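Good morning. I will go through one model today, starting with a single residue and working out to the contact between chains.

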Amino acid sequence: MTDDFPFTEGQTARASLVIDERVISAFAEFSGDRNPLHVDREAAESYGYARQVAHGVITLALVSRLIGMEIPGPGALWRGQEIEWLAPVFLGDRLEVRLTVRRASRAGRTLVLLTEAFNQDGRMVMKGEARVSVVEKISDRREVTPRENRVALVTGSSRGIGAAVALRLARSGMAVVINGRTMTDDLERVSQEISVAGGRVIAEPCDIADPRAVAALVDRATRVFGALDIVVHGASTPISTVPVQEVAFEDVKTLFDVYVGGALALLAAAVPGMRERKFGRFVVLGTSSLLGTPPAGNAAYVAAKSALWGLVRASAVDLGPHGITVNMVSPGLTVTQLVEHVPARVKELEARRSPMRRLATPADTASVVAFLTSDEASYVNGQNLPLVGGPV
Amino acid sequence: MQDRVLEVCAQVFGVPASSLTDDSSPDDIAGWDSLSHVQLIVALEEAFAVTLTPDDAMDMLSVRLIKLVLTERGAGLD
């Protein structure tokens, strides 16, 4: 992370200015200080000076420039100034102002600065000491990669919700890396659909449960498209309905490896680049089973997705300061191949019980994922968005 | 018989069978309330010679769901 108080004692900054008529008259104009000593040559002579004497605070204007733009720069709040003018500055003089950090208090976010000014002969014309606070930003709309140049990786995107998400993100102009466990006709079809529509896409099959394969996947995405800004983790393995007393830990572990292990590997590989660019989006696929009473016979699935939700919340805390959000989207029963085993009666019942009187579609999830990956969602973090057509 | 489901529903709710579809539900049939739903369960059990559970009764939230539940109970709708 960049140091937000990078100041050391002895550090200096300089600025110079030639005091011409324009400078003097501009200052006289806005300040109203039209003392003839400053603005009238003859009057200056009558006071015993060969040339007009510049307003003393013009010197301070250069101090202000250095404080506001150099040390500490933007965020500076000039709190106090002791000053002594040692010699007059005349029209035509070349003024050089120098700031030197005398004391830098990180704890107090305060700098004490030696302020000095010299004329073209090296004679000191002003010396003093400034106290400056370095104000922290409390909100920051960071400069980020333009949306059309962003790169998204969607795991488990050969069909169903993942495929819909990949197509949706590609349509919004992102380069998309699609992924399935192996290269299948389905994955090829999604790739072609994106290409035909003019999108940028590569299809990269790999087992998301294998951390080394995931690292290679992210590396390939970064090499091909230059960066990886967005990760949507939708990969799953087939789910079956089994009473809890018949669930072996191995069954849970299989799902855990894909959901949690996959997410951890994706975070490990993608976060460093995102931190560098101060922008990143992780969206993981949850389930409505996390929101209310879970359906019977889904212990392994619910346990693994619950663990994933825990990881989302914890990651959101760790990564938020770097401009990276981590969220979950939890659709209700969605008609995809993953739920082929669910009896028709259960699907129909779920639809009837939803206030919208239908099941979720892959497109419902895709549009919410697209929102969460956008700039508009930059303040949505660590959330689990229910997609169930009504209250839960 | 699929049509028999519609006939039973039509009779219980007091609407023409031709106005019912698989999507018909309490959302669009004014007479389908908690009282008539109990009557419907009894009528279905008699018409199809099946015994329904309380869960079955709760799940019958549309004509399509009635058919699915009756099929599970071996009513032989086809």
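Let me start with B:Ala17, which sits in the loop between helix 1 (2-13) and helix 2 (34-48) of chain B. Helices here are DSSP runs of H or I with at least four residues, strands are runs of E with at least two, and both are numbered from the N terminus. B:Ala17 has a relative accessible area of 31%, which makes it partly exposed. On that scale buried means under 20%, exposed means over 50%, and partly exposed is in between, with a 1.4 Å probe and protein chains only. Leaving aside neighbours within four places in sequence, B:Ala17 is in contact with B:Leu6 and B:Ala10. Contact means heavy atoms within 4.5 Å. The C-alpha atom of B:Ala17 is separated by 12 Å from that of B:Val63, and the two residues are 46 apart along the chain.

Some housekeeping before I go on. This is a predicted model, in which local features need pLDDT of at least 70 and side-chain atom pairs count only at pLDDT 80 or more, while totals for chains, interfaces and linings use all residues. Residues are numbered from 1 along each chain as its sequence is written, chains are lettered from A and ligands numbered from 1 in the order in which they are written, and side-chain values use heavy atoms, with hydrogens and water left out.

Now chain A. Its secondary structure comes to 11 helices and 12 strands. The radius of gyration of chain A is 32 Å, well over the 21 Å that the globule rule gives for 392 residues, so chain A is more spread out than a compact globule. That radius is taken over C-alpha atoms, and the rule is 2.2 Å times the number of residues to the power 0.38. The C-alpha trace of chain A spans about 105 × 45 × 45 Å along its principal axes. Of the 392 residues in chain A, 45% are buried. If we take contacts in chain A between residues at least 6 apart in sequence, 71% of them join residues at least 24 apart.

Next, charge pairs. Side chains of opposite charge can pair when their charged atoms come close. The rule for a salt bridge is a side-chain nitrogen of Lys or Arg within 4 Å of a carboxyl oxygen of Asp or Glu. By this rule there are 26 salt bridges over all chains.

A:Glu29 pairs with A:Arg34, with the closest N and O atoms 3.6 Å apart. A:Glu29 is exposed at 55% relative accessibility, and A:Arg34 is partly exposed at 48%.

In the second, A:Glu129 and A:Arg102 have their closest N and O atoms 2.3 Å apart. A:Glu129 lies in strand 5 (residues 124-134) and A:Arg102 in strand 3 (residues 94-105) of chain A, so this pair ties together parts that are 27 residues apart in sequence. A:Glu129 is partly exposed at 25%, and A:Arg102 is partly exposed at 42%.

A:Glu204 is in the loop between strand 8 (201-203) and helix 7 (211-225) of chain A, and A:Arg220 is in helix 7, 16 residues apart. A:Glu204 counts as buried at 16% relative accessibility, while A:Arg220 is partly exposed at 31%.

That leaves the interface. How many residues of chain B are in contact with chain A? There are 15, and they meet seven residues of chain A. The two chains bury about 950 Å² between them, 49% of it on carbon and sulfur atoms. Buried area is the accessible area (1.4 Å probe) that two parts lose on being put together, summed over both.

Between chain B and chain A the count is seven salt bridges. Helix 3 (54-59) and helix 4 (63-72) of chain B are the elements that give two or more residues to the side of chain B that touches chain A. Helix 4 gives the most, with five residues.

One residue to look at here is B:Asp59, in helix 3 of chain B. B:Asp59 counts as buried, at 10% relative accessibility. B:Asp59 forms a salt bridge with A:Arg353, the closest N and O atoms being 3.0 Å apart. Not counting residues up to four places away in sequence, B:Asp59 touches A:Arg345, A:Leu349, A:Arg353, B:Leu65 and B:Val69. A network of salt bridges links A:Arg345, A:Arg353, B:Asp56, B:Asp59, B:Glu72 and B:Arg73.
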